[in-house]
Amino acid sequence: MAARLRLLEERRRMIRFALAVLTLGMLVGVPASLATPPGKNGRVAYMVADSAGHWQVWVASDDLSRAKRLTRGRYDSGWAVWSPDGNQLAFDSNRTDHTPNNSRHVNDVFVMKPDGSDVKKLTDSKGVSGDAAWSPNGSLIAFDADRGNRTGYSAIYVMQANGRKL
């Protein structure tokens, strides 16, 4: 009985976190620059289209000096958000879409270090997963996903920051 109560309380916390993320997303408009607020390290993450038209993740100081491009490739990467401790960025990318020109778009959530190294895929999408948001203590990541549902419906999911326990 106690284990079941703990499980229910954990689910309630995850649902409250997901609802908070959804509410925040509705209340806060995305700035035209597509940049995030500065992380604890004082740097912003943003996205810029490269010469081939693919979105890439960049970071810079809050005054946009010391800009550094973190992603490269024939795919889109963007919507990066800082972990609360400033040691990682969560972002989404279609880099794992093996057939990017067909109508079955695949997009996953990834994390990387602030220098662009140690990229790790956290989701295994059959469709689109993205719009990651960190929990205040950095232990969880919420994101939306359609899980391959082509009717246009998606839901909010929560996982550990290492991609486990969806």
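Two strands pair if DSSP finds at least two bridges between them. Strands themselves are DSSP runs of E with at least two residues, while helices are runs of H or I with at least four residues, and both are numbered from the N terminus. What you see is a predicted model, in which local features need pLDDT of at least 70, side-chain atom pairs count only at pLDDT 80 or more, and totals for chains, interfaces and linings use all residues. Residues are numbered from 1 along each chain as its sequence is written, and side-chain values use heavy atoms, with hydrogens and water left out.

With that in hand, find Ala145 and look across to β10: its bridge partner there is Ala155. Now widen the view to an open sheet of three strands, ordered β8-β9-β10 and paired antiparallel. At its edges lie β8 (129-134) and β10 (155-160), each pairing on one side only. On average, neighbouring strands in this sheet are turned by 30° against each other, direction ignored; the axes are lines fitted to C-alpha atoms, and angles run from 0 to 180 degrees between N-to-C directions.

Finally, step back to the whole protein chain. Of its 166 residues, 36% count as buried, meaning under 20% relative accessible area with a 1.4 Å probe, protein chains only.

Methods. Buried means under 20% relative accessible area, exposed over 50%, partly exposed in between (1.4 Å probe, protein chains only).
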